[in-house]
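Please walk through the following model with the structure open beside the text.

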Amino acid sequence: MQMADGAIRQFCKEATNIDFIEHGADNVIAVVNEEYVFRFPRNDASAKRLYFETALLQKIGKQLPAVQVPELIQVHTQSFYSVAKYIEGEHLDGRQIQALSTDEQIAVGNQIAKFSTQLNHAISGLEVQRLRNEARIDGLEEPWETYFERIFIKERLPNEKLRPIVQQYYQLWKEYVKQEQRMYAIHDDLHPSNLLFVGPQLGGIVDFGDTNTGSIEEEFRWLYSMGDIVLKAAIEHYQQLTGQVVNGDHVRVWAIMHELSSFTSRLAREDTEAYPFKRSQEHLRSWIPNFPL
């Protein structure tokens, strides 16, 4: 924090309002005068992710006009951190997005479809993989296939009531994923906390550190938590823009598998007071009839 404060004041000598956001998993984030966003990696793994994200943002530049994305001003290499322009907006959760008018929800879905299309025009899946390899971040997390197999098959389930649900959706996911084209460039974390709204309009998307290759069904999995209107609009508009078919049921299974794995792993660790556990439990109770826990 002391290093961060010193770096900020060296860059911006008129820093009158420094708002530190310390709850980020990977970075200490500071918003300065609502003009600049500083990101300081917490450890070596976080530095690799920030290195990758920096290289990616430099590559895609201003090629995503659908929404604002972080615009880099400076990358400091001596003590590694980045400075980007501040993007105005606020976060809406899934319920707040579903409370928007029908037309406003459709507009949100359309903007996400445009963003996904423009991302794949700006950079290919192969180039994303090259940047990830260069930053050496692929080993920092398990691929979905390995992760799901470990959580659901290799490790003991924390509650036997989960077994029929795991068997149903894990098998379905394995069948579906074989049918998907998984070499698209995807943001891979279109969680509501990474979307910035100005009023009811989606104005910005942030946090590109998880950008990867995958399917559009995988990319749209978080939209399932935003309700049918947003998801349907995104699928239909993406299909209109690209001519590519997106399977809505695949999106549903991706969403369930994501939350089921989060729920199961945290239940096994008895980490049941954490927000991700409570969020996944709430979603699963809503999405799976008679969810037992």
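Arginine 221 touches Trp144, Asp188, Val251, Trp254, Ala255 and His258, when residues up to four places away in sequence are not counted, and contact here means heavy atoms within 4.5 Å. This is a predicted model, in which local features need pLDDT of at least 70 and side-chain atom pairs count only at pLDDT 80 or more, while totals for chains, interfaces and linings use all residues. Residues are numbered from 1 along each chain as its sequence is written, and side-chain values use heavy atoms, with hydrogens and water left out.

Where in the fold does arginine 221 sit? Its place is in the loop between helix H8 (216-219) and helix H9 (228-242), where helices (H or I, at least four residues) and strands (E, at least two) are DSSP runs numbered from the N terminus. With a relative accessible area of 3%, arginine 221 is buried; the classes are buried for under 20% relative accessible area, exposed for over 50% and partly exposed in between, with a 1.4 Å probe and protein chains only. The side chains of arginine 221 and histidine 258 are joined by a polar contact of 2.8 Å. A polar contact is a pair of N or O atoms within 3.5 Å, of which, within protein, one must be able to donate a hydrogen and the other to accept it, and residues adjacent in sequence count only if both atoms are side-chain atoms.

Two of the residues that arginine 221 touches, Trp144 and His258, also take part in the packing of helices H6 and H10. Two packed helices are described by the angle between their axes and the distance between the axes. The axes are lines fitted to C-alpha atoms, for helices over the stretch in contact, and the angles run from 0 to 180 degrees between N-to-C directions. For H6 and helix H10 (residues 248-268), the axes come within 10 Å and cross at roughly 50°. H6 and H10 are therefore oblique to each other, given that angles under 35 degrees count as roughly parallel, over 145 as roughly antiparallel, 65 to 115 as roughly perpendicular and the rest as oblique. The crossing of H6 past H10 is left-handed, a term used if the near helix is turned anticlockwise from the far one by less than a right angle, with right-handed used if clockwise. On the H6 side the contact is made by Trp144, Tyr147, Phe148, Ile151 and Phe152, and on the H10 side by Trp254, Met257, His258, Leu260, Ser261, Ser262, Thr264 and Ser265. By class, this contact has 8 nonpolar, 5 polar and no charged residues, where Ala, Val, Leu, Ile, Met, Phe, Trp, Tyr, Cys and Pro count as nonpolar, Asp, Glu, Lys and Arg as charged, and the others, Gly among them, as polar.

Helix H6 (residues 144-154) also packs with helix H7 (residues 163-179), at an angle of about 160° and with the axes 12 Å apart. That angle makes H6 roughly antiparallel to H7, and their crossing is left-handed. Trp144, Glu145, Phe148, Glu149, Phe152 and Ile153 of H6 make this contact with Val166, Tyr170 and Trp173 of H7, and by class it has 7 nonpolar, no polar and 2 charged residues.

Helix H10 in turn meets helix H11 (275-287). The axes of H10 and H11 come within 9 Å and cross at roughly 130°, which makes H10 oblique to H11, and the crossing is again described as left-handed. Among the residues of H10 in this contact are Ala255, Leu260 and Phe263, while those of H11 include Pro276, Phe277 and Trp287. The contact of H10 with H11 has 9 nonpolar, 4 polar and 3 charged residues.

Glutamate 270, in the loop between H10 and H11, has a phi near 60°, a positive value in a residue other than glycine, and counts as exposed at 69% relative accessibility. Arginine 136 is found in the loop between helix H5 (125-135) and H6; its phi is likewise near 60°, and it is exposed, with a relative accessible area of 60%.

Aspartate 210 lies in the loop between strand S8 (201-205) and strand S9 (212-214) and is partly exposed, at 24%. Its side chain and that of arginine 49 are joined by a polar contact of 3.4 Å.
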